[in-house]
Amino acid sequence: MKIAIFGGSFDPIHKGHLEIIGKLFDDFNMDKVIVIPTNVSYYKKNKAMFTYDKKIEICKLVINNDKKLNGLNIEVSDIERTIKDDEGFAHTILRLKDIYPNDELFTVIGSDSYNYLNTWRKYELIPQNSKIIVAKRPENEISTSVGIDYLVLEMNNENSSTEIRKKIIELILE
């Protein structure tokens with residue numbers, strides 16, 4: 001079985017995330033997509049908009065109500081609920097490899113995250129245990145200096161959670 005592991009802050013989940021999920025089935029013929037909201041965001045300096053439990057709840061609600069994703073094998077996982085501060089995404093991949101030992105795993109990340117993947121804790125374990133798919137937005141470049149093989153998922157949507165958070169704050173402050 002081909003399984004895409006789509007981790008991220010999902011703070012908030014948005015149309016771009018939904019487009020990625022749909023394209024993983026369409027463009028890469030995935031059998032399953034596991035959406036994993038992060039419990040510990042190592043590189044995000046701003047306070048999260050939502051608690052971990054709220055992110056899980058919102059992801060499930062949004063995905064279950066998206067007509068384009070209806071009937072697809074999508075799981076919103078809380079596997080990172082018990083992650084410790086000194087563990088990174090590589091630890092999550094190893095746990096998933098234990099759960100799905102005979103399946104082909106694909107880690108899905110945005111091009112902005114790929115560009116500093118080689119700074120993640122134990123990052124070398126990620127491509128050793130899964131193939132990398134980089135979701136590339138039109139305005140983002142993929143760095144050639146990272147040195148990790150990847151497949152490209154071309155995106156049309158230019159939404160980013162950072163920009164959406166900024167717009168929400170602007171609306172609140174108006």
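This is a predicted model: local features need pLDDT of at least 70, side-chain atom pairs count only at pLDDT 80 or more; totals for chains, interfaces and linings use all residues.
Okay, the cores. The largest nonpolar core has 26 residues, and the members touching the most others are Ile-21, Leu-24, Met-30, Val-33 and Ile-63. Quite a few elements give two or more residues to this core, including strand E1 (2-8), helix H2 (52-64) and strand E5 (131-136). Helix H1 supplies the largest share, six residues. Take Ile-21: leaving out residues up to four places away in sequence, Ile-21 touches Phe-6, Val-33, Val-35, Ile-63, Leu-69 and Ile-74. And apart from that core there's another one, with 21 residues, among them Ile-3, Leu-105, Ile-109 and Ile-148.

Next, Gly-110, which sits in strand E4. Buried or partly exposed? Gly-110 comes out at 21% relative accessibility, and the cut-off for buried is under 20%, so this glycine counts as partly exposed. Setting aside residues up to four places away in sequence, Gly-110 touches Val-134 and Ala-135. There's also Lys-136, 26 residues apart from Gly-110 along the chain, yet their C-alpha atoms are separated by 6.1 Å.

We have four aromatic pairs. One of them is Phe-89 with Trp-120, edge-to-face, 6.2 Å centre to centre and 85° between the planes. Phe-89 is in helix H3 and Trp-120 is in the loop between helices H4 and H5, so this pair ties together parts that are 31 residues apart in sequence. Both residues, Phe-89 and Trp-120, are buried. Bring in Tyr-116, and ring pairs link Phe-89, Tyr-116 and Trp-120 into a cluster.

Notes:
Residues are numbered from 1 along each chain as its sequence is written. Side-chain values use heavy atoms; hydrogens and water are left out. A nonpolar core is a set of buried Ala, Val, Leu, Ile, Met, Phe, Trp, Tyr and Cys residues joined through side-chain atoms within 4.5 Å. Buried means under 20% relative accessible area, exposed over 50%, partly exposed in between (1.4 Å probe, protein chains only). Helices (H or I, at least four residues) and strands (E, at least two) are DSSP runs, numbered from the N terminus. Contact means heavy atoms within 4.5 Å. Rings of Phe, Tyr and Trp (its six-membered ring) pair if their centres lie within 6.5 Å; planes under 30 degrees apart count as stacked, over 60 as edge-to-face and the rest as tilted.
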